[in-house]
Amino acid sequence: MDLKASDRFNINSQLEHLQAKYVGTGHADLSRFEWAVNIQRDSYASYIGHYPILAYFAVAENESIGRERYNFMQKMLLPCGLPPEREED
Amino acid sequence: MDHMDAEIAKTQEERRKMEEVAMLTSVTFDADLYGGGPDRFEGYERSIPVTDEEEEADGDRRDIARRMASYTGPKSLNELPRGSEGEDDSGFKKPQRIIDREDDYRRRRLQRIISPERNDPFATGEATPDPTVRTYADVMREQALQRQKEELLKEIAKKKEEEKSKAATEPAPAAQKRRNRWDQSQEPDGGAAKKAKTSSVASDWDAPDSTPGIGRWDATPTPGRVADATPSVSRRNRWDETPTPGRLVDADATPAAGGVTPGATPAGMTWDATPKLAGLATPTPKRQRSRWDETPATMGSATPLPGAVTPAASFTPGVTPVGGVDLATPTPGAINLRGAMTPEQYNLLRWERDIEERNRPLTDEELDAMFPQEGYKILDPPASYVPIRTPARKLLATPTPLGTPLYAIPEENRGQQFDIPKEAPGGLPFMKQEDYQYFGALLNEEEEEQLSPEEQKERKIMKLLLKVKNGTPPQRKTALRQLTDKAREFGAGPLFNKILPLLMQPTLEDQERHLLVKVIDRVLYKLDELVRPFVHKILVVIEPLLIDEDYYARVEGREIISNLSKAAGLATMIAAMRPDIDNIDEYVRNTTARAFSVVASALGIPALLPFLKAVCQSKKSWQARHTGIKIVQQIAILMGCAVLPHLRSLVEIIEHGLSDENQKVRTITALSLAALAEAAAPYGIESFDSVLKPLWKGIRSHRGKVLAAFLKAIGFIIPLMDAVYASYYTKEVMIILIREFQSPDEEMKKIVLKVVKQCVSTEGVEADYIRNDILPEFFRNFWVRRMALDRRNYKQLVDTTVEIANKVGVADIVGRIVEDLKDESEPYRRMVMETIEKVVANLGASDIDARLEELLIDGILYAFQEQTSDDANVMLNGFGAVVNALGQRVKPYLPQICGTIKWRLNNKSAKVRQQAADLIARIAIVMKQCKEEQLMGHLGVVLYEYLGEEYPEVLGSILGALKAIVNVIGMTKMTPPIKDLLPRLTPILKNRHEKVQENCIDLVGRIADRGAEFVPAREWMRICFELLEMLKAHKKGIRRATVNTFGYIAKAIGPQDVLATLLNNLKVQERQNRVCTTVAIAIVAETCSPFTVLPALMNEYRVPELNVQNGVLKSLSFLFEYIGEMGKDYIYAVTPLLEDALMDRDLVHRQTAASAVKHMALGVAGLGCEDALVHLLNYVWPNIFETSPHVINAVMEAIEGMRVALGAAVILNYCLQGLFHPARKVREVYWKIYNSLYIGSQDALVAAYPTLEDETNNVYSRPELVMFI
């Protein structure tokens, strides 16, 4: 009984550590919104990180590459809009 | 009056002892006290260096390691007996009592007193503290009083001394007379033997108590402190005693113990009367303590004494033990049994008492009961009968028992301890004898309800502590947790009143102390500011840990004090320790200084600086200044380079100490400067500017100890300087150093050597200067035989000489000492050899000219041949180093060297033979360089002939030598030819000795690798069978060599036969053996290409036996790991097998198959095997819900492998189905996989994330991804 509790604590603490280190990791209670936010941010980060992709988007949108990068970075702030109201349960 | 004399004499002696301790020299060791003969402290350090810290760093490491119960991993590998049979105690050491390995100085911890708690001004606030509470002022006043008293006593002692010296013309026995009246009376009529005996007995009691200064006044004596038995008790003053309810066995606490206490013994009885009889009576313990203070305290504290059979002494304070040593004439056995008693002694005593009881004269009533009423008549005693009245005779007569004269059925006393330890109630752990006085109360099976809540709490604490101390690990764990959780509920007082006395228990063992210290640590953390009143108490108990020889004890002590200071705060810490700073006892000051340094490291140096400054400038006593400066030294030692930011202030605080009026203060100041400079190296020279002048002036004006300390400081400061200054100052100091070269003082010698080393190694000092100015004197004074006898001198001298050699070159140094290789003293030769070895290894031999070379070889041969001692490594290493350094130049001498070796190989002593073989191994390469192949061949034959050697150590060395020769001359040129050599090795493979096994398998492996064709295949098969046994070896190196050898053999003779052997071996029971076999199969597959092995291996999977199937799978796993991308050709071949395994009911099948899949996937990543891998992934995936840790690990790793081979997108698609599954258990597993996927390839996932539908307010889609040009 006791052992189990400490065990669970252990795993939880590991998970916490993991999440502190890698923000994008998830857990069983992650909501659709939270996951989507992670996905969006990862995507923007990836676009910014790969210069050819950034250039491709810039051409497609007829913007400068710098503007495009700036836009993506801005979008990372609230990529999916405001979080939905938490349903009380 | 006599009594007074004795006391004074003792005080004097104590003084002198203390002075000695405080000096730089080590404490002399009282041979009487601990037996003069083969002494059990042999090889122990008898004192800890009070001043010289670095001794710890260089000298005793080895010693300490040897005598400690704990040892480090790698070392234990060398030392642990590994034999498989007959080793019943392998690895386990008997629990060791701390006191057994302590020296006198450290034992003084037992004389300290756990002072009562003090006022916590923070808690009381503005309110005036209750007069019953001890405040800081009280403590300081007591301290001052104590000092005054001490000084007064000193004065008196001095006067007495003078008188004594005046009376020196009188006959000598005066000194003894002062000791004890009894001695005197024995002298006339006692025989000489008797006298010898008494004096040896007397030493027990006359042993001067080296700490006069313990603050007995504020004593809360701890039960169980044997130290109480020392005569110094006489000085205790009971008026000052604070009676504490906690102490039960206190000396004065039971003055009312009835008429039986010795104090109340009628004077006419024994004490005064005995002398007449002294010749006949057994020597009675002589004690100087005042009779008035006499109490059974000592007995209560010792383990079961005859009188104190009731251990209840501790919880029934009123009962004075009956018939104890102090009352009746002690039975012979009882005399020396003040300390712990062995069960035999105890039984003997019990038996004796029993006999006495039976032999006592019968009383009238008894006689009436025995005889019939009629027919008997009571006669009057004859007129001539006179009953014995003389006290002397009475003493001899059977003592009348003071207890019940008749036999009576003893009252049932549940609390009584019989010789069999009572079963502890309520699942309490076993109690040791010594524990009864602390935990005895737990045995009273009184109703818990009858106790007051306070008592119940105490009981509870005791129970928990006993569990922590003696319990099984689970008991201990829960008890520790309870103590921690309830710490605040129990309260600081009750807790510490129970824990701290336990820590003062003289019979404590390392493990117990560790546990109790752990309790304190946990409790401290919980209690926080509540500990304030107990800070000093705790310090008294913990401070001794700071000077323990066990490194871990020291660390533990530091941790506790550091936590304590964080909990209690700086002010409380200072208030608690301030009185101890000028304590008269050096021990107390020493430990306090160390504790202060820990406080400084915990709370920061700046916080402590103002206090330190004040203490170091104390006008009142030199002790305070001394301790203050010592604190700085300890801070430097403890904190190392962390002192740098505060270096200047620390130096400023102590600098005036260099010109202090007291010599000890000057010494410690210099030592502290040395410590600071050492800690600051190589920075911070500017902080020392202010002390340079006094130091340089000091070395001109001082002599002896102070000079040594000053020199040491300079030695550490010079390396911090710029080259120019260093050179200048070196030349300045060198004059003094050269003068001190001749000093007979050992300490001085060591310091001078060290300083020379430091000076020489600094940049600015030039070789010519050293050569001309230092070397002649240096060699004349230090390179003498005497220096080789002391280990520390020896080491220091070698180090210094090597350092000098680094500056002046090899030729100068070696040229000077080479002749000494032929010296007649062996330790000296060894020292020379070690120096030459180090110098030559550092600098090579190119400087050595032909003449010197000749001398050198000649000397080394001589020294090598003449060695007799067991420590053979120095000579061996020296020989090896020189020969290797000279290289081809050794050629002319090789025949001579080989002659020596051959001669020694034939020696009677196994050590010599072993050494000779080792030497061959070392010089084989050089022999090759010298093109002496014929000679080597000859040696090979000689060694071959000695393969019948029966000493395994020697045999191992011989095999090692053969290996070295084979390595350098190659298989073809080897004599004896390989085909003869190998068959001779086959039986040796059976040898179970580790060294033999290792060397043999190396040699066989070498031959299999390079010269397998020289040996027929049948021989190799034979060897294969032997090798299977080797897989059982404990040492990993041996197993690895064995497995590799399988590979070589398989390569040489083809894999079929070897494989058959190995596959058969999969059926054995022993796991390690099977594992090694699977590795060997994999290696065979790797060396002979997998296609030669796989068919047979897969065929073996059909054997319906778990072990075999698992073995096959494991082989596959290793195989795919080893062959890497070669696996792409075999993946389709093994897939059906893995399919089957991954669907097997047996967990291990699936686990092993999963790890095979992992290695396979990693090996073939990017090689176009995705179809097979996806297929396998479909078999792996259902296993993700396994819970067994090994299985789930293997499965997760397989999935990771797949991620690498198939790409993250594929695995993500597998994942998506479960991330939002309604069952949490499922979600958990899937998120875990997702997380590792995410961590592994976050970027790659971006392209693969699913398209999410937008919701009312939220945008989830990623429109960028659908852009198209």
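Two residues are in contact if their C-beta atoms, placed from the backbone, lie within 7 Å. The model in these exercises is predicted.

**Exercise 1. Describe the contacts and make-up of chain B.**

Solution. 
- Step 1. Take the contacts in chain B between residues at least 6 apart in sequence; 75% of these join residues at least 24 apart.
- Step 2. Assign secondary structure. Chain B has 58 helices and zero strands.
- Step 3. Check burial. Of the 1269 residues in chain B, 42% are buried.

**Exercise 2. Classify the packing of α17(B) against α20(B).**

Solution. 
- Step 1. Locate the helices. In chain B, α17 spans residues 453–470 and α20 spans residues 492–503.
- Step 2. Get the geometry. Their axes come within 10 Å and cross at roughly 40°. Therefore α17(B) is oblique to α20(B).
- Step 3. Assign the hand. α17(B) and α20(B) cross in a right-handed sense.
- Step 4. List the residues. From α17(B) come Lys457(B), Glu458(B), Ile461(B), Met462(B) and Leu465(B). They meet Pro494(B), Leu495(B), Lys498(B), Ile499(B) and Leu502(B) of α20(B).
- Step 5. Sort by class. The contact of α17(B) with α20(B) holds seven nonpolar and three charged residues, with no polar ones.

**Exercise 3. Which elements give two or more residues to the side of chain A that touches chain B?**

Solution. 
- Step 1. Count both sides. Contacts link 22 residues of chain A with 21 residues of chain B.
- Step 2. Name the elements. They are α2 (32–49) and α3 (51–61) of chain A.
- Step 3. α2(A) gives the most, with eight residues.
- Step 4. Sort by class. This side of chain A has 13 nonpolar, eight polar and one charged residues.

Key. Residues numbered from 1 in each chain as written. Chains lettered and ligands numbered in written order. Predicted model: local features only at pLDDT ≥ 70, side-chain atom pairs only at ≥ 80, totals over all residues. Axes fitted to C-alpha atoms, helices over the stretch in contact; angles between N-to-C directions. Helix = DSSP H or I, 4+ residues; strand = E, 2+ residues; numbered from the N terminus. Parallel < 35°, antiparallel > 145°, perpendicular 65-115°, else oblique. Left-handed = near helix turned anticlockwise from the far one by under 90°. Nonpolar A, V, L, I, M, F, W, Y, C, P; charged D, E, K, R; others polar. Buried ≥ 20, exposed ≤ 12 C-beta atoms within 10 Å, placed from the backbone.
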